[in-house]
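Colleague: Could you walk me through this one slowly, please? I would like to ask questions as we go.

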Amino acid sequence: MESVYRFNWCRASCIALIFLFSKNLFSASTQTWKLESSFLKYERKKEVIFSSGNVRIKNKNFLIQSDEATFFRNENKISAKGNVLITDGTTTVKCKNAIYHTDKDTAFMEDVYIEQKPFFIFGKKVQKQKENFFVKDGYITTCDKIPPHY
């Protein structure tokens with residue numbers, strides 16, 4: 001029988017600390033992630049955490065907000081769905097869905113708006129590899145209007 005832990009509080013946040021043992025390119029360090037949501041379900045044998053309702057997943061320099069998210073601890077992967085907002089201090093990404101690999105700093109996103117001043121990037125599908133964004137069916141502009149005024 002599989003162990004499943006469910007937490008559900010009305011108008012309260014669940015907070016979980018998640019420790020990732022990721023393979024950093026520069027050092028073998030432990031990343032600490034903090035997860036907050038209205039609902040949280042942890043499947044211990046699979047090392048999977050499902051969260052929904054005002055989801056916030058953050059570490060020292062990175063924040064993901066969404067309607068729901070699943071954290072696959074053994075795969076170092078976060079799948080976020082619905083009104084996804086990702087920020088790291090210099091870049092803001094808004095999208096419909098995102099899959100982020102925490103150990104490789106890579107992501108795949110759909111229906112994307114990226115703000116990295118002075119540029120604004122729009123794309124149907126975007127792949128992130130470290131600091132590079134690869135955009136499919138999109139464009140880049142310096143206009144901060146959504147959609148651009150021209």
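Colleague: Let me start with Glu36: is Glu36 buried or exposed?

Modeller: Glu36 counts as buried, since its relative accessibility is 14% and the cut-off for buried is under 20%. Please keep in mind that this is a predicted model, and that the values I quote are computed from it.

Colleague: And which residue forms a salt bridge with Glu36?

Modeller: That is Arg56, and the closest N and O atoms of Arg56 and Glu36 are 3.6 Å apart. The two residues belong to distant parts of the chain, because Arg56 lies in strand 5 while Glu36 lies in strand 3 (residues 30-37), 20 residues apart. Arg56 counts as partly exposed, with a relative accessibility of 26%, whereas Glu36 is buried.

Colleague: What network do Glu36 and Arg56 belong to?

Modeller: Salt bridges link Lys34, Glu36 and Arg56 in a network. In general, side chains of opposite charge can pair when their charged atoms come close.

Colleague: How many salt bridges does the structure hold?

Modeller: The structure holds ten of them. One of the others joins the side chains of Lys46 and Glu43, with 3.8 Å from N to O. Lys46 is partly exposed, with a relative accessible area of 48%, while Glu43 counts as buried at 16%.

Colleague: Where does Glu43 stand relative to Val48?

Modeller: Glu43 stands opposite Val48, which is in strand 5. Strand 4 (residues 39-43) and strand 5 (residues 48-58) run antiparallel and are joined by five bridges. Together, strand 4 and strand 5 form a hairpin with four residues between them, and in that turn Glu47 has a positive phi of about 55 degrees.

Colleague: What does strand 5 pair with on the other hand, going on to strand 6?

Modeller: Strand 5 also pairs with strand 6 (residues 63-72), in the antiparallel sense and over nine bridges. As an example of those partners, Val55 has Ser66 in strand 6 as its bridge partner. A hairpin of four residues joins strand 5 to strand 6.

Colleague: What share of the contacts joins residues at least 24 apart?

Modeller: If we take the contacts between residues at least 6 apart in sequence, 28% of them join residues at least 24 apart.

Colleague: New topic, then: how many aromatic pairs does a search of the whole structure find?

Modeller: The search finds six aromatic pairs. In one of them, Tyr113 and Phe120 have ring centres 6.3 Å apart and planes at 15 degrees, so the pair is stacked. Tyr113 counts as buried at 9% relative accessibility, and Phe120 is buried too, with a relative accessible area of 5%.

Colleague: Why is the pair of Phe122 and Tyr139 called stacked?

Modeller: The ring planes of Phe122 and Tyr139 meet at 25 degrees, with the centres 4.9 Å apart, and planes under 30 degrees apart count as stacked. Phe122 lies in strand 10 (residues 119-129) and Tyr139 in strand 11 (residues 132-141), so this pair ties together parts that are 17 residues apart in sequence. Phe122 counts as buried at 11% relative accessibility, whereas Tyr139 is partly exposed at 37%.

Colleague: Which residues do the ring pairs link into a cluster?

Modeller: The cluster consists of Tyr113, Phe120, Phe122 and Tyr139.

Colleague: What sits over the ring of Phe72?

Modeller: That is the charged end of Lys77, which is 4.8 Å from the centre of the Phe72 ring.

Colleague: Last one: which residue meets Lys124 in a salt bridge?

Modeller: Asp111 does, and the distance from N to O is 3.0 Å. This pair links distant parts of the chain, with Lys124 in strand 10 and Asp111 in strand 9 (residues 106-116), 13 residues apart. Lys124 counts as partly exposed at 44% relative accessibility, and Asp111 counts as partly exposed at 33%.

Methods. Residues numbered from 1 in each chain as written. Predicted model: local features only at pLDDT ≥ 70, side-chain atom pairs only at ≥ 80, totals over all residues. Heavy atoms only, no water. Phe/Tyr/Trp six-rings, centres within 6.5 Å; stacked < 30°, edge-to-face > 60°. Buried < 20%, exposed > 50% of the residue type's maximum accessible area, 1.4 Å probe, protein only. Lys NZ or Arg CZ within 6 Å of the ring centre and 35° of its normal. Contact = heavy atoms within 4.5 Å. Pairing = 2+ DSSP bridges. Salt bridge = Lys/Arg side-chain N within 4 Å of Asp/Glu carboxyl O.
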